[in-house]
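Let's take a friendly walk through a protein model, one topic at a time. Have the sequence and the 3D view open as you read.

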Amino acid sequence: ASNKNRLFLLGQACTQRPDADNVAKLVCDALNGVIWKDDAQICGLEVWKTWAEHGSLTVRVFEESIDDDLAKV
């Protein structure tokens, strides 16, 4: 792509490979035993791919407490 097109795309949604779900799976699996015991503990996630001048990845983790009585159901 030309430099003009690249500048136009910065910050825009990216629909090119890799697929967002594949990126999410890679990150979830990589953080097993680091952030959580198993990625089965993940209750939700958001994945956004945008065009950028340099590649990067940002992961934000929020802990949710659950009611022990509800967890037994």
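## Alanine 20 and its helix

Alanine 20 sits in helix H2; helices here are DSSP runs of H or I with at least four residues, strands are runs of E with at least two, and both are numbered from the N terminus. Alanine 20 has a relative accessibility of 27%, so it counts as partly exposed. Between the C-alpha atoms of alanine 20 and asparagine 32, which are 12 residues apart along the chain, the separation is 19 Å.

Before going on, please note that this is a predicted model, where local features need pLDDT of at least 70 and side-chain atom pairs count only at pLDDT 80 or more, while totals for chains, interfaces and linings use all residues. Residues are numbered from 1 along each chain as its sequence is written, and side-chain values use heavy atoms, with hydrogens and water left out.

## The two sides of H2

Which residues of helix H2 (residues 20-30) are buried? They are Ala24, Val27 and Cys28. These three cover an arc of only 100 degrees around the axis, so they lie on the same side of H2; the arc is that of the directions from the helix axis to the C-beta atoms. Leu26 and Ala30, on the other side of H2, are exposed.

Helix H2 is also the place of aspartate 29. With a relative accessible area of 35%, aspartate 29 is partly exposed.

## Pairs along the chain

Follow aspartate 29 to aspartate 39: they are 10 residues apart in sequence, and their C-alpha atoms are 6.5 Å apart in space. Aspartate 39 belongs to the loop between H2 and helix H3 (68-71), and it is buried, at a relative accessible area of 18%.

Now try glutamine 12, in the loop between H1 and H2. Its relative accessible area is 38%, so glutamine 12 is partly exposed. The C-alpha atoms of glutamine 12 and threonine 50 are separated by 5.3 Å, although these residues are 38 residues apart along the chain.

## A cis peptide bond

Most residues other than glycine have a negative phi, and most peptide bonds are trans. Here, the peptide bond from arginine 17 to proline 18 is cis, with omega near 5 degrees. Proline 18 is found in the loop between helix H1 (3-9) and H2.

## The overall form

The protein has 3 helices and 0 strands, and its elements run α-α-α from the N terminus on. Its radius of gyration is 17 Å, well over the 11 Å that the globule rule gives for 73 residues, so the protein is more spread out than a compact globule. This radius is taken over C-alpha atoms, and the globule rule is 2.2 Å times the number of residues to the power 0.38.

Along the principal axes, the C-alpha trace spans about 55 × 20 × 15 Å. Of the 73 residues in the protein, 10% are buried.

A disulfide is a covalent bond between the sulfur atoms of two cysteines. How many disulfides does the structure hold? The count is 0, where a disulfide is a pair of cysteine sulfur atoms within 2.5 Å.

Cysteine 14 counts as buried because its relative accessibility is 16%. For cysteine 43, the closest cysteine sulfur is also in cysteine 28, at 12 Å, and that is too far for a bond. Cysteine 43 is exposed, with a relative accessible area of 78%.

Terms used
Buried < 20%, exposed > 50% of the residue type's maximum accessible area, 1.4 Å probe, protein only.
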